[in-house]
Amino acid sequence: MARMHTRRRGSSSSDTPVADDPPEWSDVDTDAIEARVVELAEEGYGPSQIGLKLRDEGVQGTPIPDVQLATDKKVTEILDDHDASGDLPEDLRNLLERAVRLREHMADNPGDAQNKRALQNAEAKVRRLADYYRGDELDEDFKYTYEHARELL
């Protein structure tokens, strides 16, 4: 499939191995995993960073290679169950941070044509993603502006 803002095609990537059960060496209690997920969320980590932390550091010294296999819930589902999820979806938050950072860069460097194009692409992605989330996870009257994005972040 072609990329969104270029004429190039994307490179293929490997698939994750199919697994139905968590590995035998990772036998941590599901309540301990959920408590660690909520603890990491309260420290300010997003769902993808929580998954990486659990993979690398683990719970009680035992790595958790896949939270969904270990608990039968995704990280975002665990956060929703414990009311620890953020106010914005993670992908939208990352795009908003990128757009704000690029806008501030453009204020300092008005002649940077390449990053001007990157800012246009990032803001287009934000608007498209906001249309997707509008009504479910965002307010119906949500409209992207630089000032509004700065307030949210």
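The legends below describe views of a predicted model of a protein.

**Figure 1. Overall fold of the predicted model.** The protein contains 7 helices and 0 strands, where helices are DSSP runs of H or I of at least four residues, strands are DSSP runs of E of at least two, and both are numbered from the N terminus. Along the sequence the pattern reads α-α-α-α-α-α-α. The radius of gyration is 19 Å, well over the 15 Å that the globule rule gives for 153 residues, so the protein is more spread out than a compact globule. This radius is taken over C-alpha atoms, and the globule rule is 2.2 Å times the number of residues to the power 0.38. Taken along the principal axes, the C-alpha atoms fill a box of roughly 55 × 35 × 30 Å.

**Figure 2. Division into two domains.** Domain 1 covers residues 30-82 and domain 2 covers residues 90-152; the bounds come from an automatic or database domain assignment. The centres of domain 1 and domain 2, taken over C-alpha atoms, are separated by 28 Å.

Figure 3. E34 belongs to helix α1, which spans residues 30-42. Its relative accessibility is 13%, so E34 counts as buried; buried means under 20% relative accessible area, exposed over 50%, and partly exposed in between, with a 1.4 Å probe and protein chains only. Apart from neighbours within four places in sequence, E34 is in contact with K73, I78 and H82, contact meaning heavy atoms within 4.5 Å. Of the 153 residues of the protein, 31% count as buried.

**Figure 4. Loop residue Q60.** Q60 lies in the loop between α2 (47-56) and α3 (67-71). Its phi is near 55°, a positive value in a residue other than glycine. Q60 counts as exposed because its relative accessibility is 67%.

**Figure 5. Loop residue D72.** D72 is located in the loop between α3 and α4 (75-81). Here phi is near 65°, again a positive value in a residue other than glycine. With a relative accessibility of 68%, D72 counts as exposed.

**Notes to all figures.** Residues are numbered from 1 along each chain as its sequence is written, and side-chain values use heavy atoms, with hydrogens and water left out. Because the model is predicted, local features need pLDDT of at least 70 and side-chain atom pairs count only at pLDDT 80 or more, whereas totals for chains, interfaces and linings use all residues.
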